[in-house]
Amino acid sequence: MDNQERKIIENAFELILKSLENKVDNNGTKDTPKRVSKAYEELLSGYDANIDKVINNALFDVEYDQIVIVRNIRFYSLCEHHMLPFFGKIDVGYLPNKKVIGLSKIPRITKVFSRRLQVQERLTEEIGECIYENTKAQGAGVVIKAQHLCSAMRGVNLPGSEMVTSSLFGSFKSDSSTRKEFFDLIK
């Protein structure tokens, strides 16, 4: 995020606070626009990330032909409809094709895509597609379980409800036994 983008966010939040000036503590919110701008810079950092740099050539030749899974990757993202957080856990699996990806790279990839304005369905697809294409895996899958504050705090007011999405690629999609093994392993 550059200085101009930061300033636009600061100005927008100054306007929001100005509209509430008789209702909020002005001393407590004096530097809020700058703090919000700084927070959004971090929360939306996925737009500036480069997947090739994140992976950093951490693909290794390994003769391994069984499913690899990284479970319970915690994440936070912002709903693009209300700009409220949604958060939960991501399970990622892939069936290597003579190459494995460095273990830390999978959570880093999930962070890149979750640090953007998102809908959960697209987030699930983007992570899965990235893993599948960059590892040249035989198959890949992603399952996300998340709570959305846009439905918990407002609107339908359903705190604790969870949305579950999945995205499957290659053999995870076409082969029912591979798909079943993946889903059994992430239970």
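Predicted model: local features only at pLDDT ≥ 70, side-chain atom pairs only at ≥ 80, totals over all residues.
**View 1. E10, tucked away in helix α1.** With a relative accessible area of 11%, E10 falls under the 20% cut-off, so E10 counts as buried. You'll find E10 in helix α1, which runs over residues 3-19. What is E10 in contact with, once its neighbours within four places in sequence are set aside? The residues are P33, K34 and S37.

**View 2. The whole chain, for orientation.** Before zooming in again, here's the overall picture. Eight helices and seven strands make up the list of elements in this chain. The C-alpha trace spans about 65 × 35 × 20 Å along its principal axes. Of the 187 residues in the chain, 40% are buried. Take the contacts between residues at least 6 apart in sequence: 69% of them join residues at least 24 apart. The accessible surface comes to about 11,100 Å², and carbon and sulfur atoms own 51% of that. As for charge, there are 27 positive and 25 negative side chains, and the centres of these two sets lie 4 Å apart.

**View 3. Helix α4, mostly under cover.** Helix α4 covers residues 105-114, and seven of its 10 residues are buried. Which ones are they? The buried set in α4 is K105, I106, I109, T110, V112, F113 and S114. And what do these residues pack against? Their partners include three strands, β2, β3 and β4 (99-101). Strand β5 (117-118) joins in too, along with helices α3 (51-55) and α5 (120-135).

**View 4. Helix α8 and its buried side.** Look for T178, F182 and I186, which are buried in helix α8 (residues 176-186). They cover an arc of only 65° around the axis, so they sit on the same side of α8. There's a handy rule behind this kind of pattern: an α-helix has 3.6 residues a turn, so residues three or four places apart point the same way. The buried residues of α8 pack against strands β2 (68-79), β3 (85-95), β6 (139-148) and β7 (163-170), and also against helix α7 (171-174).

**View 5. Salt bridges at the end of the chain.** Stay with α8, but switch to its charged residues. K180 and D184 make a salt bridge, with their closest N and O atoms 2.7 Å apart. Both residues lie in helix α8, four residues apart, which is about one turn of the helix. Is K180 buried or exposed? K180 counts as exposed, at 53% relative accessibility. D184 is partly exposed, with a relative accessible area of 36%. D184 also has a salt bridge with K187, at 3.7 Å from N to O. K187 itself is exposed, its relative accessible area being 74%. Elsewhere, salt bridges that share partners join E80, R122 and E126 into one network.

View 6. Since D61 lies in strand β1 (residues 59-61) and K99 in strand β4, the pair ties together parts that are 38 residues apart in sequence. D61 counts as exposed, at 63% relative accessibility. K99, on the other hand, is partly exposed, with a relative accessible area of 31%.

View 7. Most residues other than glycine have a negative phi. Which way does K98 go? Phi of K98 is near 75°, a positive value, and K98 is not a glycine. Look for K98 in the loop between β3 and β4. At 55% relative accessibility, K98 counts as exposed. The other residue here is N157, with a positive phi near 50°. N157 is found in the loop between α6 (149-152) and β7. Its relative accessibility is 44%, so N157 counts as partly exposed.

Methods. Residues numbered from 1 in each chain as written. Heavy atoms only, no water. Helix = DSSP H or I, 4+ residues; strand = E, 2+ residues; numbered from the N terminus. Buried < 20%, exposed > 50% of the residue type's maximum accessible area, 1.4 Å probe, protein only. Contact = heavy atoms within 4.5 Å. Arc of directions from axis to C-beta. Areas by Shrake-Rupley, 256 points an atom, 1.4 Å probe, with all protein chains shown as cover. Lys, Arg positive; Asp, Glu negative; His and termini not counted. Charge placed at Lys NZ, Arg CZ, Asp CG, Glu CD. Salt bridge = Lys/Arg side-chain N within 4 Å of Asp/Glu carboxyl O.
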